[in-house]
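Hi there,

Here is the structure I promised to pass on to you. Have a look at it first, and then read on for what turned up.

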Amino acid sequence: MPGGSRGEARAAGWSDGPLVGRDHLLDELTAAAHAAARGEGSVVLLTGEAGIGKTTVARAVAQRVREQLAISWGACSPDNTAPPFWPWRALVAVSSSERGDDAEQAVGAPRYEQLSALRAELLGAVAAQPRVHVIEDLQWADVASVLLLAHVAEAIADIPFLVLATVRTGEPRSSQLEDAIDEVGRLSAVRALSALSDDDVGALLSASGTAPAADVVALVQARTGGNPLFVSELLRAVPRTEPEERRRVLLAENVPSRVSDLIARRLSRLPAAVADALVTAAVLGSEGDMATLAAAHHMQLDALLDLLDQARAAHVLDAATPGTWRFRHQLVRDAVYAGVTGGGRARRHAAVAELLAAEPATPPAVVAHHALAAQPLFDTDRAVALAARAGEAAFAHHAYEEAVAWFERALAAAPAATAARWRAELLLLSGEAQRHIGDTSGARAAFVAAAELTDDAALLARAALGYADPGADLGIAFRTNDVVTAALLERAIAAQSTLDTLTGVQLETRLAAELYFSDRPAHARHLAYSALDRARRLGDPRALGLATAVVHDSFVVGAASLEAQLAESAQLLAWANETGSTAALLTAHRARVMDLLAAGDVVAMDEEVLAFRRLAEPLRVPGYLWWPELWSAMRALLEGRHDVAEERALATFAIGERVFPSLAMVNLSFFLFFLRREQGRLAEMEQATRDFAAANADVPAIRVALTFLLAEMGHIEEARSTLAAFDDAALARLRDRNWPASWFQLARAARATGNQALARTLLDAQPDERCVQVSLATVCLGATELAHAWLLETVGDLDGAGDAYAAAEDLNARIGARSWLAQARAEHAQLLARRGEATGADVASVAAATFRREGSVWSIAFADRAAQLPDARGLRDLAFLLARRGEAVSVLELADDHAGQARGAHALDEEARRRIRQRLRELDADEADAEAAGDGERAALVRDERQTLAEAVARDFGLGGRARRLGDPVERVRKTVSTRIRRAIATVARVHPELGRHLERSIDTGAWCAYRPAEPVDWKT
């Protein structure tokens, strides 16, 4: 059996002479163990070259603290034969899942759920019994085991648990394993063991009976590089019985310069029978049980014990628990194994494979390893089947990296005559495993290769769906510009005997999404609604969610009423919750984000972004992480933070291009187009837009963008000429999910060119959305009513235009759309000026104003009008915000009766509040912690650090001092504070309409509240 977890006996069995040069490290690790006993857990990585003493140090620590803490031990196999999570199995029970369960889940979700469950089980077990757990040779672990260590490292600060893991440097590792170990390193204390000093080498010389003269110490250092194992082996190679001078000669002339050569020399001096038994042991592994070794060596157990005793006397084997054997060091096992010829190895591996295959408890990977190593002396077809079985076992434990390795080994070993269907199955298994580790190119290559080998309907469906969705598709319609996608899907559909299955629904919906922006939109619609009809007949929430998501994104968004749109995405979320599928939940939250933005409800949208991010981030899948970063950039642009917006957009593209490069590039182009407009740099986009429009002359939406650009830049005549091409047929072709954005841009061009006919046409086709978004919420253009105002003004309905401008100002103020709010106000003021209705409050700055509490009455003055109001908490909130113009204030601060002016002492002093605000600003500016909701004005608290800070503030402001789930206390307080602020503004408006209107436009509410007026006001509070 590979590796193992042998508890205290494993630590106690080690004996390697004096431990020198590690006193400081031992003291530090002992202190860490004692801290763990007090409930202050940690993870420590011990790194260094082979033989440097990592395991020796870990065992010494275990010996020191064994009276205070339980000790457990896990090891990793250099042959990669240990089952997934093997180094943890002394502490947790690991169960497998059916492979099909993973196929219908979000990429990475099954493993994350398993890791979370194992971490909870593990931490629950150690909470009642303080423990030190040692993991040897992490560089040979399965990736899932290392990821579990990272999960544990994040959560044991207050758990009585110390994990010591050894990592050998200089070993080749896969990129996935390297990344996982690096992550553990970021969460742990890393201690690199260095070579022994001259004094340390001198101490070992003294212990061996050799005088530590300076020249002898220098000689040993030169030979060994200060490696403790090599020093010990070198000193053992020189008999103590030799005279001093002779010992020096032996050290200088007759000892190899490599530890492996030194070990090989010692092995050559062993009796032949002992050496032969050690070869069989080396074929089995680094350690094992006596009975298996005796059976593999075809020897009686008592005779074998005599041979192993001789090996222990020669320091080849180490003391072990009863009934087991263990090589003294992995380097010793390597030296024994290296001394066997290829044919000899194959024969022994074949015998071991047959022996272990007969034992049902043997892990599949162990049998497969020996079967492949025994080639050509072991039946090849059987070896391939065993390797495939090992891969499936790894897959069932969500150890995808190891699964890929086994499937690839099976394919490489498969004879030329292997059935095509079996090869196709292996390729599909490999592709599905690669999909779960984010290897998109590898997965797609495997799926295409599989499809080329088979006409089987089930296999073709797996290949097509795997290729079409490598881990990014969330029910969106987008063009991949990859002809293979549609071809594979169509072939798979044609091969099905019936499409009235979940698989049939999956195939039709994915092909509908692929063809949505193609030259076959009618066929896309037919496929989408056909799949929806099938899903309804099936009554399966999974099928209903899949089909509805594509229909919703393709034919409801931008086409149906906003009420219907919101109801449908709410139904999507209900189905997703019913299935419990992470992929379905991500799809539903994605749809809700876009629908709620269309409704102008950014507070609810923030909650959906937060829910999406909380699901997506632990999975670490680029195709999922792209979405919240996309929306974060959108919010930064909406709020006028241009530098931050551009940085986030570029970072978002870097994530997205790995999964869907064409879509990521298109969305970045849209983003930069509107960013440059707000920056006054739209001219920089002119030539690129002209070139793009020329290259896509048959795409009306591209011509819309060009027309908008021409109108914005004042190229009126050219804009008129371009608009002339938009006949009824062209407008009809624009009626896809992006219609609101196209309509908005055409409305702007119609106003700029005075095209009344087009304006009337657009008025009749106004979308139902309250807010306009561009391409999957890449950009938000603010209130739909602004474009409505342009159209009404163009056709001469100035009264209607004034009302529409006011409505646009109201909504843009609420959603924080700074530039669109400014534009709406400016153009509204121009309209009022044209009609002679403008007032100073509408178009000019206000010199001074008053909002002051006088006893139980508030005196307010604004725009040459004064009034008084009885005291209310909402008025105190307003005064607090007015006194801090432009500053984001947490609702937690406003929630306290004593916050702000005229509220008495703060629970936090001014310095503490200043630090909190500074940290919050840093979190907003930190791209790594980019929040789904944008900056601090409306932050949704999407990061754990922000949540921790919020709860700390809540405690300090007297909100109960209880730890709450994410969203509490902020969500509860947000609703309370926002309601009373809006009620206070309504109260002000009844006695002072001008001030009420000003406050309505300038006060933002949400998790963060702020007063940001478009015009300067000098408030006396």
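In this predicted model, helix α29 (582–598) and strand β8 (771–774) each supply at least two residues to the lining of the second largest cavity. The largest share of that lining comes from β8, with 4 residues. In total, 14 residues line the second largest cavity, and those nearest its centre are Val557, Arg737, Asn738, Pro740 and Gln773. Its volume is about 100 Å³.

Next, the aromatic rings. The count of aromatic pairs comes to 17. One of these pairs is Phe673 with Phe708, a tilted arrangement with 6.1 Å from centre to centre and 40° between the planes. Phe673 belongs to helix α33 (residues 661–678) and Phe708 to helix α35 (residues 700–712), so this pair ties together parts that lie 35 residues apart in sequence.

Phe851 and Trp858 make another tilted pair, with 5.5 Å between centres and 55° between planes. Phe851 is buried at 0% relative accessibility, and Trp858 is buried at 4%. There is also a cluster to look for on your screen: ring pairs link Phe612, Trp626, Trp627, Trp631 and Phe660.

Two arginines sit over rings as well. The charged end of Arg748 is placed over the ring of Trp790, 4.6 Å from its centre. Arg333 lies over the face of Tyr337, and here the distance to the ring centre is 5.3 Å.

Finally, a word on confidence. The protein chain has a mean pLDDT of 84, and 88% of its residues reach 70 or more. Over residues 839–847, however, the pLDDT is below 50; the model gives this stretch 16 contacts beyond near neighbours in sequence. Residues 927–969 also stay under 50, and the model has 129 contacts for them beyond four places in sequence. Where pLDDT is low, the predicted coordinates should not be read in detail.

Happy browsing, and do write back with any questions.

Best wishes

Note on methods: Residues numbered from 1 in each chain as written. Predicted model: local features only at pLDDT ≥ 70, side-chain atom pairs only at ≥ 80, totals over all residues. Heavy atoms only, no water. pLDDT = per-residue confidence, 0-100. Contact = heavy atoms within 4.5 Å. Phe/Tyr/Trp six-rings, centres within 6.5 Å; stacked < 30°, edge-to-face > 60°. Buried < 20%, exposed > 50% of the residue type's maximum accessible area, 1.4 Å probe, protein only. Lys NZ or Arg CZ within 6 Å of the ring centre and 35° of its normal. 1 Å grid on protein atoms, 1.4 Å probe; cavity = no way out; pocket = protein on both sides within 12 Å on 5 of 7 lines; lining within 4 Å. Points joined across faces, edges and corners; volume = space filled by probe spheres on them.
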